[in-house]
Amino acid sequence: MQITKFSALKSAALRRATSAMFCTNHKPLLVILGATGAGKSKLALDIAAKVGGEIISADAMQVYKGLDIVTNKVTKEEQDVCPHHMIGFLSPKEEFTIVDFQKNTMKIIDEIHKRNRLPILVGGTNYYVESILFDFLLKTKGQDSDLTKSNIEHRMALNDLSYIDAHKQLVEVDPDYAAFLHPRDKRKVIRALEVFYETGKRMSEHIAQQRTQSGGSYIGGPVRFPDSCVMWVQCEPEVLKDRIYRRVDKMISRGLLKELSEFHEEYNKERLREGLEPNYEHGIFQSIGFKEFHSYLVATSSNAHENPQILAEATERMKLSTWQYAKYQKKWINKRIVNRPISVDVYGLDATDPEMWDEKVFTPAMKILKSHFKSNSGLSIVLNDIPDEDYHLQPLEKQTAADCKKSNRFKACIVCDGKLIIESDWEGHIKSKKHKHFYRKMQKKLELTSEILEARQNHLSQRNHNNEVSIERIKSAEENKLIMRKQALETGPISTETTDSI
Ligand SMILES: [Zn+2]
């Protein structure tokens, strides 16, 4: 009895000692985000080497075995720098969901904390990162299991509504939540209406309640690790685009084509032989590269793959897809992490110039780590030699709640037949191909009806222009004369001196 009691006390003391290192409520988690090619893997490696961290890849494609080049896996040498997790352990034939990722990763983070090391989550796939940063799976009544007959009828009636009418109905019952949804996001609009009719409570109230109870937000649940710190490796768009394009070329010289062909041979050819379409919607086949190189891959048998045209087009498609994905990632991080009403601190690091890596990325990152985790005794030992007196970096500013609401307001585009556009997306919309297409169409119509008028106007304005030009010419000739006289007076002697000295 005594012994049992003693050992229980001893293990409690041990637990206390460990939790003093990484206090249960203040378990550190470092998250590194950034677009493909921005430099997030390099930063993760540099930090891990410095502070004794372990890297967890939050990348939906890197969990699979094989395709190391196309999924951009870290090399064997890089994996020797520190332990890496969630990389290349799954057969390409298996499905892997966000729930699997969440379950596996939470276990890994817990183990890393027990080893008194810093878990560094590097993403990759942004919603995988989100599932770890936030406890965001919203559970309310009205799941399929408790559907009554009247519920089913009601849901069917709701589904029959047009998206505009459904959104209108939501504006009436829950204007706060309606302001956060795009009317076209009918699935979420209907879900919010269902929640209201089934629970008698507005979706916004459910969320507000969750938020006050546990630190959740409009978008979802609370921050899982209150002490987590997010670093966002950023890069000037033009530089990033160039880097991405060169990276694809580098992938090809490293053996991308062979890698894709072998994989295609093993997994997709059978489907094609059976008359099925190749599957690019599941698992690792969603990687950027497969769809883009499809015409090249199927051309292999007829030797047409040596056709430089097919290869060039596929390469161009891959570059473009990767670049578009990078732009999407940026938008997503801003929306779901930086501007999340209740979120974690996000620090931006500028990796545009690789020559300035230490000054602009690594050193600021270490300072952020020091200031963020200084109360964490387990980490403060390794962070001791970093001076903190010249620490100036502030987390990225969040839009205020009013800004967020504003950014979710809609504007109707007259050119695009009254299509509703979120205000914050307006700039992007008017630059979009679709809008420009409709704009040109509209312009042509107008041109046809006002051709004569325009011709006349052009004629008139040309005459005016000619008059203006001649007046301008006289004016500027007069001005030039004046300037030359002035210069001759002021600078005359100096120019003489210069001539003399030569
Ligand atoms: Zn438009």
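What percentage of the 502 residues in the chain is buried?

1. Overall make-up. Buried residues account for 28% of the 502 in the chain; a residue is buried if 20 or more other C-beta atoms lie within 10 Å of its own, exposed if 12 or fewer, and partly exposed in between, with C-beta atoms placed from the backbone. The model is predicted: local features need pLDDT of at least 70 and side-chain atom pairs count only at pLDDT 80 or more, while totals for chains, interfaces and linings use all residues. Residues are numbered from 1 along each chain as its sequence is written. The chain holds 20 helices and 8 strands, which are DSSP runs numbered from the N terminus (helices H or I, at least four residues; strands E, at least two). Of the contacts with a separation of 6 or more, 71% join residues 24 or more positions apart; a contact requires C-beta atoms, placed from the backbone, within 7 Å.

2. The sheet. Six strands form an open sheet with parallel pairing, in the order β3-β2-β4-β1-β5-β6; two strands pair if DSSP finds at least two bridges between them. At the edges are β3 (84-85) and β6 (345-350), each of which pairs on one side only. Strand β2 (residues 53-58) runs parallel to β4 (residues 118-123) over 6 bridges, and Glu54 has Pro119 of β4 as its bridge partner.

3. Strand β5. This strand is largely enclosed by the rest of the structure, because 7 of its 7 residues are buried. Parallel pairing joins β5 to β1 over 6 bridges, with Ile32 opposite Met231 of β5. Strands β5 and β6 also run parallel, joined by 6 bridges; the partner of Gln234 in β6 is Asp350.

4. Helix α5. Six of the 8 residues of α5 are buried, and the helix is mostly covered. These are Tyr128, Val129, Glu130, Ser131, Ile132 and Leu133. Their cover includes β1, β2, α4, β4, β5 and α14 (308-338).

5. Helices α4 and α5. The axes of α4 (residues 98-114) and α5 come within 10 Å and cross at roughly 50 degrees; axes are lines fitted to C-alpha atoms, for helices over the stretch in contact, and angles run from 0 to 180 degrees between N-to-C directions. The two helices are therefore oblique to each other, given that angles under 35 degrees count as roughly parallel, over 145 as roughly antiparallel, 65 to 115 as roughly perpendicular and the rest as oblique. Ile98, Phe101, Gln102 and Thr105 of α4 meet Tyr127, Tyr128, Ser131 and Ile132 of α5 in this contact.

6. Val415. Where is Val415 found? Val415 lies in the loop between β7 (410-413) and β8 (419-422). Val415 counts as partly exposed because 18 C-beta neighbours fall inside 10 Å. Leaving aside neighbours within four places in sequence, Val415 is in contact with His435, Phe438, Tyr439 and Met442. The C-alpha atoms of Val415 and Tyr439 are 6.0 Å apart, although these residues are separated by 24 residues along the chain.

Notes. Contact = placed C-beta atoms within 7 Å.
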